[in-house]
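Please keep the sequence and the structure in view while reading.

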Amino acid sequence: MQQFKVISDSLNIRSAPIVDDTNHLAVLPKSHILSKIENSDDDKWWKVTTIFKGKTLEGFVAHKFLSPVTIFANKTIIDIGGIPIRQADGESVFFYEAGMSINADGAPNAYHPADTGIDFLENAGHSGNWWALAVDKKGNPFIQGSSDPYPGYYISTTALFDSGFVNQDPRRYVDSTKIPYIVLPGNDDFRKVTGVKLGDFAVAYNINNEKLAFAIHADIGPKNQIGEGSIALSQALGNNPLVRSRVRKGIPKDIVYVIFPGSGNGQPRKTSEIEAETKRLFEIWGGVERIKSL
């Protein structure tokens, strides 16, 4: 889809190609980016789609207030560990290029008291400070019982969780082996400037093999590190991080991440939902062709 930007101080988007108090959908700010779908029967109007406050929005605008976008002016909005976080003028979507370290958190077989899980126990914390395990009121980790997926293993947590399950239920958390998810830094400045929240959607693109994957923001990492994903996300990008059944192999570089702030509902989602929601956002944003132009 061809993309345009708003050149007036603001622009109304409407549900029908006519000015009427009942069909007003939103006010788009100056420089806001949108994509043309088709001409209207009325030559003054175009049917368009855009990402507005993290959601897809479709309607009609007066096209005389639009100008074609041929070059996106990108700026660095914050730097995380030497990696610039970039954003185009008129957009809330942000992106960055990094490697991918692997996060096994949320997988029911991630950690074991004897350190025989798919991830090393030191990555879950230590006695008195288990940051990746579900613990009781005394700080002692819960151990899965006979009715759980991996009896004898600890219960690994993620920052995004399903409140419909209790703390000691593995189903409460986002399984790294099944759900493609990204980890973003626990940095107040980063979250303030980007507006991203847990449950928002993202795209990851491997420059080397051109594999594309859709993901959800499900965990929080160190405040000065960025470029981390789940086992399922890494595999979708063509990298199997498991060596001798343990997480050992990340992706050193050349992964482009595109994040859509405000796109989620703060809840874990099924893989099919993540793909459907994110694919629509990604296509409106410009898709793989736009990633290649960055």
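A polar contact is a pair of N or O atoms within 3.5 Å, and within protein one of the two must be able to donate a hydrogen and the other to accept it. The model discussed here is predicted.

**The chain as a whole**

- The secondary structure of the protein chain consists of 4 helices and 17 strands.
- Along the principal axes, the C-alpha atoms of the chain fill a box of roughly 70 × 40 × 30 Å.
- The protein chain has 294 residues, and 50% of them are buried.
- Among contacts in the chain with a separation of 6 or more, 62% join residues 24 or more positions apart.

**Arg-14, a buried charged residue**

- Arg-14 belongs to strand E2, which covers residues 10-14.
- Although Arg-14 is buried, it has no salt bridge.
- A polar atom of the Arg-14 side chain lies 2.9 Å from the backbone oxygen of Asp-20.
- Beyond residues up to four places away in sequence, Arg-14 touches Val-19, Asp-20, Asn-23, His-24, Leu-25, Trp-45, Gly-59 and Phe-60.

**Leu-66, a buried residue in a strand**

- Leu-66 is found in strand E7, which spans residues 66-68.
- The relative accessibility of Leu-66 is 9%, and therefore this residue counts as buried.
- Leu-66 and Ser-8 are 58 residues apart along the chain, yet their C-alpha atoms are separated by 7.8 Å.
- Apart from neighbours within four places in sequence, Leu-66 is in contact with several residues, including Phe-4, Val-6, Leu-34 and Trp-46.

**Aromatic rings**

- How many aromatic pairs does a search of the whole structure find? The search finds 8 aromatic pairs.
- One of these pairs is formed by Trp-130 and Tyr-154, which is tilted, with 6.0 Å from centre to centre and 45° between the planes.
- Trp-130 and Tyr-154 both lie in the loop between strand E10 (94-103) and strand E11 (181-185), and the pair therefore ties together parts that are 24 residues apart in sequence.
- Both Trp-130 and Tyr-154 are buried.
- Phe-95, Phe-214, Phe-282 and Trp-285 form one aromatic cluster.

**Charges over rings**

- Lys-36 lies over the face of Trp-46, 4.2 Å from the ring centre.
- The charged end of Arg-290 sits over the ring of Phe-72, at 3.6 Å from its centre.

**Positive phi angles in loops**

- Glu-210 is not a glycine, yet it has a positive phi of about 60°.
- Glu-210 is located in the loop between strand E12 (201-206) and strand E13 (212-221).
- Arg-244, which is also not a glycine, has a positive phi of about 50°.
- The loop that holds Arg-244 runs between strand E15 (242-243) and strand E16 (246-247).
- Is Arg-244 buried or exposed? Arg-244 counts as exposed because its relative accessibility is 66%.

Note on methods
Residues numbered from 1 in each chain as written. Predicted model: local features only at pLDDT ≥ 70, side-chain atom pairs only at ≥ 80, totals over all residues. Heavy atoms only, no water. Helix = DSSP H or I, 4+ residues; strand = E, 2+ residues; numbered from the N terminus. Buried < 20%, exposed > 50% of the residue type's maximum accessible area, 1.4 Å probe, protein only. Lys, Arg positive; Asp, Glu negative; His and termini not counted. Salt bridge = Lys/Arg side-chain N within 4 Å of Asp/Glu carboxyl O. Contact = heavy atoms within 4.5 Å. Phe/Tyr/Trp six-rings, centres within 6.5 Å; stacked < 30°, edge-to-face > 60°. Lys NZ or Arg CZ within 6 Å of the ring centre and 35° of its normal.
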